[in-house]
Amino acid sequence: RLTGLEEPPWANIAALGKPEFVGQWWIVALALVSCAFNYVLGEELFFRGVLLPRMERAFGRWDWVVNTVLFGLYHVHKIWFWPAMIFGSFGQAWAARRYRSLWMAIIVHGIEGVLVVGLVVAVVGGWWLP
């Protein structure tokens, strides 16, 4: 029985590592599109491109911390992943604030996307199965 605080089986990327997914290259395309829309056009554009610059007036030099907390609240549906996600988000918000560039946040967040797509390619290519 799930209490809501542990990762559900359907959310575990390791579940993708099954022989029936080998050769299913459409999954790689889906992962690429998902990363592009989620990381660049979704989360980073909204949180670091729109909200963060406006938050400086309200929160001063702590705007990037508040932005990270909001980012965490946005991900309430992934409560089991909060510690790692919020820790990583501090880097994204700080980089965007420090360099006053959305691209810095996209690059930092994009590293996660590269790792995810790399795992998907390894599974679909048949090179990695748990």
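Is arginine 100 buried or exposed? At 56% relative accessibility, arginine 100 counts as exposed, where exposed means over 50% relative accessible area, buried under 20% and partly exposed in between (1.4 Å probe, protein chains only). The tour returns to this residue below.

The model is predicted, so local features need pLDDT of at least 70 and side-chain atom pairs count only at pLDDT 80 or more, whereas totals for chains, interfaces and linings use all residues. Residues are numbered from 1 along each chain as its sequence is written, and side-chain values use heavy atoms, with hydrogens and water left out.

**Whole chain**

Four helices and zero strands are present, in the order α-α-α-α along the sequence; helices (H or I, at least four residues) and strands (E, at least two) are DSSP runs, numbered from the N terminus. Along the principal axes, the C-alpha atoms fill a box of roughly 50 × 35 × 15 Å. Of the 130 residues, 28% are buried. Among contacts (heavy atoms within 4.5 Å) between residues at least 6 apart in sequence, 64% join residues at least 24 apart.

**Helix α1: residues 44 and 48**

Next, select helix α1, residues 26-59. Glutamate 44 and arginine 48 both lie there, four residues apart, about one turn of the helix. Their closest N and O atoms are 2.9 Å apart, forming a salt bridge, that is, a side-chain nitrogen of Lys or Arg within 4 Å of a carboxyl oxygen of Asp or Glu. Glutamate 44 is buried at 0% relative accessibility, and arginine 48 is buried at 3%. The structure holds four salt bridges in total.

**From α1 to the α3-α4 loop**

Now select glutamate 56 together with arginine 100. Their side chains meet in a salt bridge at 3.2 Å, N to O. Arginine 100 lies in the loop between α3 (82-99) and α4 (102-124) and glutamate 56 in helix α1, so the pair ties together parts that are 44 residues apart in sequence. Glutamate 56 is partly exposed, with a relative accessible area of 28%.

**From α2 to α3**

Finally, select aspartate 63 and arginine 97. This salt bridge has its closest N and O atoms 2.7 Å apart. The pair links distant parts of the chain, with aspartate 63 in helix α2 (residues 63-74) and arginine 97 in helix α3, 34 residues apart. Both aspartate 63 and arginine 97 are buried. To close, display Glu56, Asp63, Arg97 and Arg100 together: salt bridges that share partners join these residues into one network.
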